[in-house]
Amino acid sequence: MITERQRQILNLIVSLYSKERNPIGSKALLDEIHASSATIRNDMKTLEELGFIQKEHTSSGRIPSILGYKYFVENVLTLEEFSQNDLFHVMKAFDGEFYRLTDLFQTAADTLSTLTGLTGFVLNIPQRDQMLASFELVLLDSHSVLSVVTLGTGEVRTNQFSLPKSMTEMDLQTFSKLVKDRLVGKKVLDIHYTLRTEIPQIVQRYFKVTTDVLQLFDTVFSDLFEERLISGGRQNLFDYTTENLSELYKLLTNDKLMVQEIREITDNDEMRSVEFNKKDFLKNFTILNQKFVIPYRGLGTLTLIGPVEMDYRQILSVLDLVAKVLTIKLADYYRYLDGNHYEIRT
């Protein structure tokens with residue numbers, strides 16, 4: 001579509017503009033492009049006609065367009081080695097022991113946000129692929145009960161509720177046994193089906209008042225089918241725009257909607273993706289995603305949202321670095337969790 005020299009010119013314009021934030025003229029490219037100033041201007045004119053660069057009103061120089069950034073990311077970009085400064089900050093952030101998965105994910109989100117100035121998100125493996133690893137009920141007093149649900153990735157979810165008046169302590173033990181016998185060891189997607197088909201029939205065999213028991217199943221597993229979104233620097237996004245603020249606010253404060261947006265982009269085999277123009281109110285933003293390995297469990301997702309005019313080499317290098325370090329720390333976490341033994345689950 002474009003010549004090799006035009007590709008080099010586009011590469012230089014994107015790289016220089018990301019660092020200097022000033023329109024780039026032909027003279028700025030002479031040291032790197034082995035051609036005359038007139039030839040470079042002609043190539044820049046071609047790139048402008050193709051929509052890859054555009055003219056600033058206040059300068060004769062050119063800046064990358066959204067189409068230019070997209071072409072650059074998809075056809076020109078090669079990741080640079082992460083800087084020693086970035087490596088130091090990432091290793092310092094993850095230094096120490098982590099005993100909760102959410103703490104690891106929060107550290108990743110905060111580190112991404114701090115190093116890039118953008119908004120960072122972390123998602124576990126897709127909820128449909130999560131497995132119910134264990135289930136416990138703790139009687140807090142004669143009326144209050146705490147349910148503890150542990151997923152296969154180590155994520156723990158608790159829910160405090162009032163014991164239905166029709167249920168005795170013995171009924172509660174029967175309830176717990178049903179969950180352990182029928183649901184523990186199953187994937188969340190299968191649990192959803194079992195709760196709607198098998199459980200109502202089984203409940204009738206063990207309980208006189210089935211309505212309260214079925215309601216208890218809904219209460220205990222109310223959020224099992226919802227994904228937890230970990231974030232860092234959500235407010236950073238507002239530093240880059242004054243448009244569509246209400247729509248942007250709705251997206252950033254609605255975890256369910258944000259998860260849906262990320263899953264739509266990353267529901268494929270690609271380990272890395274860069275999305276432009278996802279929604280009208282994100283027209284001047286880019287969504288960058290990097291999947292990371294959760295040992296023996298699946299793939300999680302790191303996401304950054306920021307302005308189109310960013311240093312993609314540096315940002316993607318940081319994203320890649322955090323993904324690698326997070327996977328290393330997760331391996332340590334699962335050694336602790338599994339008692340130095342990995343259980344391979346299919």
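Start by selecting helix H6 (residues 169–182) together with helix H8 (residues 210–220): their axes lie 12 Å apart and the two helices pack at an angle of about 60°. That angle makes H6 oblique to H8. Look down on the pair and you will find a right-handed crossing. Now show the side chains that make the contact: Leu-172, Phe-175 and Val-179 on H6, and Val-213, Leu-216, Phe-217 and Val-220 on H8. Sorted by class, the contact of H6 with H8 has 7 nonpolar residues, with no polar and no charged ones. One thing to keep in mind while you look along a helix: an α-helix has 3.6 residues a turn, so residues three or four places apart point the same way.

Before going further, colour the chain by confidence, since this is a predicted model. The average pLDDT is 89, and 95% of the residues score at least 70. Which stretch stays under 50? Select residues 340–346. The model has 12 contacts for that stretch beyond four places in sequence.

**Next stop: H1 and H2**

Select H1 and helix H2 (residues 37–49), which pack with their axes 10 Å apart at an angle of about 80°. That makes H1 roughly perpendicular to H2. On the H1 side, the contact is made by Arg-5, Gln-6, Ile-9, Leu-10 and Ile-13. On the H2 side, display Thr-39, Ile-40, Asp-43, Met-44, Thr-46 and Leu-47. How do the residues of the contact of H1 with H2 divide by class? There are 6 nonpolar, 3 polar and 2 charged residues.

**Then H3**

Move to helix H3 (residues 66–76) and pick out its buried residues: Gly-68, Tyr-69, Tyr-71, Phe-72, Val-73 and Val-76.

**H4 across H11**

Keep H11 on screen and bring in helix H4 (residues 84–93). These two pack at an angle of about 35°, and their axes are 10 Å apart. The crossing of H4 with H11 is right-handed. From H4, show Asp-86, Leu-87, Val-90 and Met-91; from H11, show Gln-314, Val-318, Leu-321, Val-322 and Val-325, which they meet. This contact of H4 with H11 divides into 7 nonpolar, 1 polar and 1 charged residue.

Zoom in on Met-271, in the loop between helix H10 (255–266) and E8. Is Met-271 buried or partly exposed? Its relative accessible area is 36%, so Met-271 is partly exposed. Leaving aside neighbours within four places in sequence, Met-271 is in contact with Asn-289, Gln-290, Lys-291 and Leu-299. For a distance to check in the viewer, pick the C-alpha atoms of Met-271 and Arg-5: they are 266 residues apart along the chain and separated by 30 Å.

Finally, select Tyr-296, which sits in the loop between strand E9 (285–294) and strand E10 (298–307). Check its backbone: Tyr-296 has a positive phi of about 65°, although it is not a glycine. With a relative accessible area of 43%, Tyr-296 is partly exposed.

Terms used: Residues numbered from 1 in each chain as written. Heavy atoms only, no water. Buried < 20%, exposed > 50% of the residue type's maximum accessible area, 1.4 Å probe, protein only. Helix = DSSP H or I, 4+ residues; strand = E, 2+ residues; numbered from the N terminus. Axes fitted to C-alpha atoms, helices over the stretch in contact; angles between N-to-C directions. Parallel < 35°, antiparallel > 145°, perpendicular 65-115°, else oblique. Left-handed = near helix turned anticlockwise from the far one by under 90°. Contact = heavy atoms within 4.5 Å. Nonpolar A, V, L, I, M, F, W, Y, C, P; charged D, E, K, R; others polar. pLDDT = per-residue confidence, 0-100.
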